[in-house]
Amino acid sequence: MAEFSLDNILRNNVKKLVPYSSARSEFEGDAQIFLDANENSLGSSIDVNYNRYPDPLQKQLKQKLSSIKDIATENIFVGNGSDEAIDLLIRAFCNPGVDNILIFPPTYGMYEVAAEINDVAINKVLLTEDFQLNIEAAKVAIDSNTKIIWICSPNNPTGNLLAEESIEWLLKNFHGIVVVDEAYIDFASKDSWIKRLNEYSNLVVLQTLSKAWGLAGLRIGFAYASKEIINVLNKIKPPYNISEATQQLAFLALQNEEEAKEKTIVLIQQKERLLQEFQQFDFIKKIYPSDANFILIKVENASDLYKYLLSKTIVVRNRSNQPLCENSLRVTIGTPEENDQLLMALKEYK
Ligand SMILES: *Cc1c(COP(=O)(O)O)cnc(C)c1O
């Protein structure tokens, strides 16, 4: 396989694209009176100052993130959830009807959906029985039109980290982009791949405020990559993809990092508790190890247990239709009280 070159894999239309230029980015100097963007200078009907367009490049937010993550702002992309970054990556690198991506099911569903929306073919190589990457099978599946490999670590829905050596092999030998989706990294016992960005120019790391930071409703996700890849994403994104309200609230959350960390510790303790307690139930056939904020369990009859829990007003995710996940439920770690109720319900099952 050839050396990675951004120029080689970027779509031609993206290479040639002249991006939208927003009013605010077209002047330099000390303006006080803004008559350049057709905003409403009188303000709105609510008592907040959102009458101006937000910063398209979210500089304040990136500076805060830069100091927390110890990475330059030019290596950060901010998206409307990681899901926006997933879609933009596919649109930047994959020619519809021609190119393909490689995914390792069972995994996060959005890689496949985003590819399908963009008419990009999906190559699938199943994880091994112990939910690790099958590199031998991946070698066979990769062809000259494979542009992006998606790796989810810790993986959703299985909960485990994927072996470093396998990810390294792909980064070194694959000619395209390797995305490592780290939505659950704050719950994990290993370091982020962000630290390896200097080594691999084809690495993109995804993170989000939706899980450990407790802000799924806000819609903020991050892509970390080389300056060149980040520039491509910025070029093709909707100019105002992150609202002013969202930028301000995300900034506040990042300022309050300690509180997010404390909550993460509680959730990890609660996970250890559930991993322990689940062992008493003989209808739970397998409890998979988890580096995330959820636990995958294999049970005797997943749809029966799913319906039973629902009758107790508890909803979990039935993943039984996923490959390697027959009769498997994915259980998110709740508050201590919610977990009490889950355990109580399980004790009354059958
Ligand atoms: C939850 C999750 C995300 C988060 O997506 P957002 O759009 O940032 O909310 C990304 N990847 C995986 C694997 C997830 O499970």
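How many residues line the second largest pocket, and which of them lie nearest its centre?

Analyst: This is a predicted model, in which local features need pLDDT of at least 70 and side-chain atom pairs count only at pLDDT 80 or more, while totals for chains, interfaces and linings use all residues. Residues are numbered from 1 along each chain as its sequence is written, and side-chain values use heavy atoms, with hydrogens and water left out.

The second largest pocket is lined by 17 residues, and S22, S25, P56, L57 and P239 are the ones nearest its centre. A pocket here is an open set of points on a 1 Å grid over the protein atoms alone, with protein on both sides within 12 Å along at least five of seven lines; a cavity is a set of points where a 1.4 Å probe fits but cannot get out, and lining residues have an atom within 4 Å of a point. The volume of this second pocket is about 420 Å³, where a volume is the space filled by probe spheres set on the points, which are joined across faces, edges and corners. Helix α8 (residues 227-236) gives the largest share of its lining, three residues. Helices (H or I, at least four residues) and strands (E, at least two) are DSSP runs, numbered from the N terminus. By class, the lining of the second largest pocket has seven nonpolar, five polar and five charged residues; Ala, Val, Leu, Ile, Met, Phe, Trp, Tyr, Cys and Pro count as nonpolar, Asp, Glu, Lys and Arg as charged, and the others, Gly among them, as polar.

The largest pocket can be described in the same terms. Its volume is about 690 Å³. Of the 28 residues that line the largest pocket, K69, S192, I194, K195 and Q207 lie nearest its centre. Helix α10 supplies four residues, the largest share of that lining. Because domain 1 (6-21 + 54-255) and domain 2 (258-348) both give residues to the lining, the largest pocket lies between them; the domain bounds come from an automatic or database domain assignment. The lining of the largest pocket divides into 11 nonpolar, eight polar and nine charged residues.

Next come the cavities. Three of 30 Å³ or more turn up in a search of the whole structure, and the largest cavity has a volume of about 50 Å³. Among the residues lining the largest cavity are K69, Q207, T208 and W213. Two or more residues of this lining come from each of α3 (59-69), β6 (203-208) and β7 (221-224).

T208, one of the residues lining the largest cavity, also has a polar side-chain atom 2.7 Å from an oxygen atom of the ligand. A polar contact is a pair of N or O atoms within 3.5 Å; within protein, one must be able to donate a hydrogen and the other to accept it, and residues adjacent in sequence count only if both atoms are side-chain atoms. N156 has a polar side-chain atom 2.9 Å from a ligand oxygen atom. The ligand taken alone exposes 390 Å², and the protein buries 94% of that; these areas come from the Shrake-Rupley method with a 1.4 Å probe, and for residues only the protein chains shown count as cover.

P157 is in the loop between β4 and α7.
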